[in-house]
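Hello,

Here is the structure I promised to pass on. Have a look, and then read on for what turned up in it.

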Amino acid sequence: MSDTHSETVAFMRETMLPPQPPPLAQSGAIRWLRENLFSGPLNIALTLVGLGIVWLLVGAVGPWLTHSVWNAGSMAECRQIVAETWGQGATGACFALVKHRWNQFLFGFYPQALYWRPVLAFGLLFLALAPLLFSESARARRVVLGLALVLTLVVSAVLDAPGPALAGMAVAMLGWAALVEARPRPALLASLVYPFAAAWLLWGGSLWTEAMALAGFAMGFVVWRGLARFGLFAFALAVVAAAAWWLLLAGPLAAALAGVLPLRLQPVSSDQFGGFVLSITIGVAGIALSLPLGVILALARRSDLPVIKVLAVMFIEFIRGVPLITLLFVASLLLNYFLPPGTNFDVILRVIIMVTLFAAAYMAEVIRGGLAGLPKGQYEAADALGLDYWKAQRLIILPQALKISIPGIVSTFIGMFKDTTLVVFVGLYDPLKAMSDTIRASFEWKGAYWEPYIFVGAIFFVLCFGMSRYSMYLERRLKHDHR
Amino acid sequence: MVTYTGAVDPPFRLSMLIYDRRYRSLTLQAIVFILVMLAASWIIDNTLKNLADLGKTLSFDFLFRRAGYDIPQQLIPYNSDDTHLRAAVVGLLNTLLVSVLGCIAATVLGVVAGVLRLSSNWLIARLMTVYVEVFRNIPLLLWILVCLALFTEIMPPPNAYRGENPAAGMILFDMVAPTNRYTAIPSIGMTNPPGTLALGREGISWAFIAFAVVIAAALAGRRLLRSWARRVQDQTGKRPTTWWISLAMFALPVLLLTWYFGLHLIPPVLRGFNFADGINLDNALVVLWLALTLYTGAFIAEIVRAGILAVSRGQSEAAFALGLRPRRTMSLVILPQALRVIVPPLISQYLNLTKNSSLAIAVGYMDLRGTLGGTTLNQTGREMEAMVLMMAVYLALSLIISAGMNIFNVRVRLKER
């Protein structure tokens with residue numbers, strides 16, 4: 001016993017010794033290395049293989065990257081600079097191409113003086129999304145709003161937006177951001193207006209065309225709410241009213257209003273679209289349209305009504321069974337056959353329709369998984385509360401089902417955004433192949449293979465990786481159970 | 001005593017079609033059905049009118065006319081005098097070829113990458129994470145174009161292999177020569193060929209049939225062996241060692257046949273300007289195969305990782321507690337559970353790969369879209385028929401694969417009692 005000991009022994013240390021540092025092999029970097037890289041023969045072998053791979057990659061690409069040239073007017077000049085600086089036979093990347101032609105990768109053949117319009121449309125996208133995507137975390141929302149505002153203005157100014165446009169942009173964006181912060185619910189209405197504003201900014205022309213299209217939706221909504229007690233018939237009537245508006249009244253009315261108050265932007269035709277402006281336009285439109293369509297298809301496929309179920313199954317399985325390329329070819333070759341003789345509509349719109357249908361079928365399967373994953377008690381509880389089908393879906397089932405399916409939904413989005421590159425095969429100028437080929441076909445940049453791919457690939461990576469990280473954030477934020 | 005006689009159903013009135021939930025669903029379905037039929041007939045009517053305006057009729061006659069174009073990569077004999085139908089079949093076989101090769105290679109790559117991503121080795125796990133994230137987040141088209149550029153820009157021309165001190169060396173024991181136009185690989189030769197079974201213009205070598213029969217027989221034998229081993233185990237409690245018997249059942253006859261037919265590899269040799277004797281694989285095929293493998297492999301790696309993580313540690317601990325050896329723990333406890341999670345998404349990746357093979361258009365590989373939906377369509381001007389046929393074939397392929405998946409799902413479903 002130590003206390004008895006202390007009385008019998010003459011000398012006793014009264015203070016504790018300071019703890020010794022652990023042995024060198026058991027701490028710090030060495031321990032980490034031993035545990036993570038050299039813990040056994042297999043591990044050592046794997047580490048060596050890994051180092052070999054890194055060595056090979058760095059050896060193959062490293063010099064080429066470090067010898068890169070950023071200021072040159074042509075490929076030949078690039079090669080000359082590399083040869084002068086690093087000696088004959090040295091290879092180097094020629095990112096001068098990116099510096100020279102970045103605008104084509106981003107904007108295609110969009111008129112240079114109007115670059116601020118797609119930029120503004122893209123910036124406004126974040127304002128429109130902020131109340132939806134970052135509704136719970138005020139800090140994240142403010143960061144997104146602030147960044148969108150400042151970046152849009154700065155980029156537009158750098159891209160030589162005219163002064164009045166810049167001032168208008170600043171006022172509109174500040175007003176909208178304030179609306180989002182102060183009155184979230186009206187801000188949602190503004191988000192609904194966004195697609196029409198974006199279409200106007202991108203394609204230009206008279207504002208009244210888009211405004212009348214929007215008015216059709218508004219009128220349909222008013223009819224539906226006004227006759228809400230008639231249930232589904234109100235909905236049918238609303239559809240008829242909106243269709244009548246678009247077909248009969250919208251055109252003449254837009255022309256008349258344009259005569260009274262011409263609010264026009266310089267029109268930009270669809271064949272001037274290209275690069276990431278095209279990709280993002282198709283991608284965002286497809287995402288926005290395919291989600292509601294996917295929800296409807298998923299509900300139809302789980303419906304008790306056999307006719308509706310069979311129709312949904314046929315549609316979904318057909319779309320999922322054929323490659324997107326064939327659907328795009330249908331859009332470019334066959335769609336005109338299906339419509340009344342003489343109709344011919346915009347090729348970007350056709351592609352958006354096909355991409356939407358394609359993504360909606362996949363989306364429907366993802367959401368169906370979410371619906372199936374919901375415990376049966378939820379459906380029974382909704383019934384017990386006396387909710388009708390649509391109320392039960394809207395208030396009880398879908399919020400939970402969509403929450404479960406977020407990872408799948410976002411990966412469908414990512415897949416669709418990547419698939420927008422396939423529009424090159426129906427003659428549109430995607431950033432990846434068509435733009436690279438166009439630039440490579442020019443005299444100055446003949447023989448530039450890797451630089452365009454690296455540039456475009458990096459942008460795609462940032463966008464897609466960002467989306468997948470956002471979905472992880474959303475999953476964490478919405479996870480209320482299993483804590 | 002009061003007896004409850006039950007409510008009497010009210011007589012049917014027309015208004016019940018709207019207000020009674022029992023009948024409303026019927027009304028709704030009828031309306032939807034009529035609307036869909038109207039839309040369909042509208043589209044068909046438009047199509048017929050449009051075709052008539054252009055002076056075209058719907059007819060599949062063009063399939064039996066002379067195609068008049070060449071296909072560089074073919075699995076069955078084909079020349080430009082053959083019909084469009086045969087060209088389409090050659091294209092379909094090319095689609096299947098690149099899909100099957102891609103599925104096999106992507107599975108191997110994906111399993112390796114998925115397992116290594118969970119490895120305790122920091123470096124390897126990070127490398128695999130980078131591989132997976134980079135390949136998943138960049139469009140497949142870019143990988144196809146990059147692989148194409150790799151082959152056309154970096155690989156040497158065939159005549160770089162010429163001479164005493166060639167600029168390029170063949171790889172893999174001097175068996176494979178990648179060039180900027182094709183990849184020369186060895187072909188299989190026989191010193192004692194058994195002749196071929198003629199089936200029209202195609203022929204199947206008897207040697208191939210013999211190998212197929214032997215392997216099928218060995219598979220059947222392995223089944224019998226396993227059921228015998230199980231019986232013995234049930235009776236005596238001891239499982240006889242069977243692995244070397246089943247190995248021998250495969251290896252011995254195969255080796256015997258190989259020796260009998262004198263099977264050997266004929267390496268490609270440079271003759272004139274090109275390689276001869278071996279098989280010159282069109283680079284379009286190699287590029288597409290490589291890109292599809294790398295891209296789909298990244299997705300499969302994630303699936304495999306999720307499947308392994310889905311089996312909790314308690315399962316293997318419980319198996320060890322029951323006294324199962326590690327190998328049988330793996331085959332009886334871990335794998336069946338992991339596979340239940342892995343296989344359905346894996347098969348849908350196979351489906352994606354098959355559909356993505358239509359990106360062959362970017363490298364000029366003549367797959368189904370390249371023949372039927374490409375050259376044939378352009379030459380005959382039969383967009384409608386060619387597209388309908390092509391979509392039907394792709395649809396049939398997908399439905400066959402998903403039918404296979406459904407069979408598997410039913411077989412491995414948790415049997416809850």
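Helices (H or I, at least four residues) and strands (E, at least two) are DSSP runs, numbered from the N terminus.

This is a predicted model, in which local features need pLDDT of at least 70 and side-chain atom pairs count only at pLDDT 80 or more, while totals for chains, interfaces and linings use all residues. Residues are numbered from 1 along each chain as its sequence is written, with chains lettered from A and ligands numbered from 1 in the order in which they are written.

In chain A, helix 12 (residues 275-301) packs with helix 15 (residues 347-372) at an angle of about 45 degrees, their axes 6 Å apart. Axes are lines fitted to C-alpha atoms, for helices over the stretch in contact, and angles run from 0 to 180 degrees between N-to-C directions.

Over residues 276-471, chain A is 78% helix and 0% strand, with the end C-alpha atoms 22 Å apart.

In chain B, helix 11 (residues 368-380) and helix 12 (residues 383-412) pack at about 175 degrees, with axes 9 Å apart. Helix 11 and helix 12 of chain B are therefore roughly antiparallel (over 145 degrees).

Best wishes

Conventions. Parallel < 35°, antiparallel > 145°, perpendicular 65-115°, else oblique.
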